[in-house]
Amino acid sequence: MIVKRQIFNVLCSDKSQINCVVTLFRKNMSTDSQVLREIFHKSIEVIQPQRLIKNEVKLCQHHLTVRDQTYELNKPCYIVGFGKAVYGMAVELEQVLGQHLKRGIVNVPVGIFEKFERVTDSKIEYVEGAKDNLPDEQALNGAKMIKDLVDNIQDDLLFVLVSGGGSALLPLPIPPITLKEKQNLIRNLAKRGADINEMNCIRKRISIMKGGGLAELAYPCRVVCLVLSDIIGDPLDFIASGPTIPNTDSREMALAILKKYHLYNEIPISIKNVIDKEKDGTQCPVVNGEYEHVKTYVIGNNKIATEAAKQEAINKGFQSAIISTQIDGDVEKISKIYAELARNIDIAINDNSNKGKLRVFLETFSYDLRVEERFVQELLDMDFNKKMCLIFAGEPTVVVKGTGKGGRNQQLALAFSIEVNKLGIKAADISFLSCGTDGIDGPTDAAGAVAISDFLEHTKNINPQLYLENNDAYSFYQKFRGGKDLVKIGHTGTNVMDLHLMIIHPKNT
């Protein structure tokens, strides 16, 4: 709206140009690339943590209701939290608890207060840390503060707020492991393609508060854990490395992961000794795989975001279907599958009888995409002569082989652009967006990027393949079309993994 107002301020004295400006402005706003951004923004809006807390937590006099459970507030309440989305959760929860809250410590990512105003007169102390989503000294200090607080409460009520990025914001390695040793190990796992579940398995083995450690420190205090999930399937023992969930991962599992990525012989003796040693058994009662004194609620996940994306696409006149909310695996492979899907739909646009081939394609790759049959049928029932928006979500990985700058979403968008332009798609224009819902993709200021099917027309003086192979997608997009295909929105204050949106726009419409 600011841009629009500035255009009119400059040209308002020349009425002959106003209609031209309006037409140009509307044309630009209506492009599929812009529509993808608008759909993405709508998805972010519905998973804002304040909104989710309001939906789940209600206070009536001295009784607090969390979904289907009521807690009598006759003792002080405390809050601890860690993750990319916990600032909004904490602010809203403090509003709900009011005078019942005694104190809180919440670890948030560096840069969050550049986007969101810091609350004043709060009983919660906010600690910034984990720049670029890597554990650092600031996050370590915040973790120590959380441990000290939890160690000193008794039969009170403790709220634990957890979201994606929580692992990096709760780094308290088991002695004698140092933070630097832990940083190096996690960084090497990421570079070699370990997925989030594998990294969290290692984190739980070498951390004081992960893998149920926080809940055990809090015992016998009652604990209410509110979770915004950033992992496929919402496995509570893996989100932020499961600080309030008993760790069922074996020592052998951690060792197997280190050996899989050829790291066991590279790690320091301190880490080897901790992983090799069996942990002492818990003193807390465990019932059906959960601590008896802990109640956990998943208040948000990527299914909420994808449903919002679908509805927004429909509102904008698109046919829309959620194909999968469980995308994982290597970005290189996922980009090829997405491009082949676009090609199969392009073929079916020319000849509806080819829908059968599309079904065969989807069934062939149903395991890789984790596609449900109902989603397949929803796609096949569409009118392929009308524009459609396909929605995917999850968290793929990148095997880092180069020295460039980027993130998995930018890497995926660039890889998809290259692949889809190899396939001779003629019946439709293809636009694709891959973005992290946290607003930050790798060590960059972008959430991700947009890909277009006429990509090669704009790359005459730049070789995209070289950038892709060097894991330098950010540098590519800075040069390509003046950087306008990078999606830059800053910290969103939330995190439910990544969204991938594909618009297929038949040229005959």
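The questions and answers below look at salt bridges and at one helix in a predicted model.

In this predicted model, local features need pLDDT of at least 70 and side-chain atom pairs count only at pLDDT 80 or more, while totals for chains, interfaces and linings use all residues. Residues are numbered from 1 along each chain as its sequence is written, and side-chain values use heavy atoms, with hydrogens and water left out.

Visitor: How many salt bridges does a search of the whole structure find?
Guide: A salt bridge here is a side-chain nitrogen of Lys or Arg within 4 Å of a carboxyl oxygen of Asp or Glu. When the whole structure is searched with that rule, the number of salt bridges found is 24.

Visitor: Which parts does the pair of aspartate 498 and arginine 408 tie together, and how far apart are they in sequence?
Guide: The closest N and O atoms of aspartate 498 and arginine 408 are 2.6 Å apart, and the two residues form a salt bridge. Helices (H or I, at least four residues) and strands (E, at least two) are DSSP runs, numbered from the N terminus. Aspartate 498 lies in strand β17 (residues 498-506) and arginine 408 in helix α18 (residues 408-420), so the pair ties together parts whose separation in sequence is 90 residues.

Visitor: Which residues are linked with Glu419 in a network of salt bridges?
Guide: Glutamate 419 meets lysine 422 in a salt bridge, at 3.4 Å from N to O. Of these two, glutamate 419 is buried at 15% relative accessibility, whereas lysine 422 is exposed at 55%. The network links Glu419 with Glu332, Lys336 and Lys422.

Visitor: What is the reach of helix α5 from its first C-alpha to its last?
Guide: Helix α5 covers residues 86-97, which makes 12 residues. The expected span of a helix is 1.5 Å times one less than its number of residues. For α5 the expected value is 16 Å, and the helix comes close to this with a reach of 16 Å.

Visitor: Why is α5 described as largely enclosed by the rest of the structure?
Guide: The buried residues of α5 include Val86, Tyr87 and Leu97. The helix is largely enclosed because, of its 12 residues, the number buried is 11.

Key:
Buried means under 20% relative accessible area, exposed over 50%, partly exposed in between (1.4 Å probe, protein chains only).
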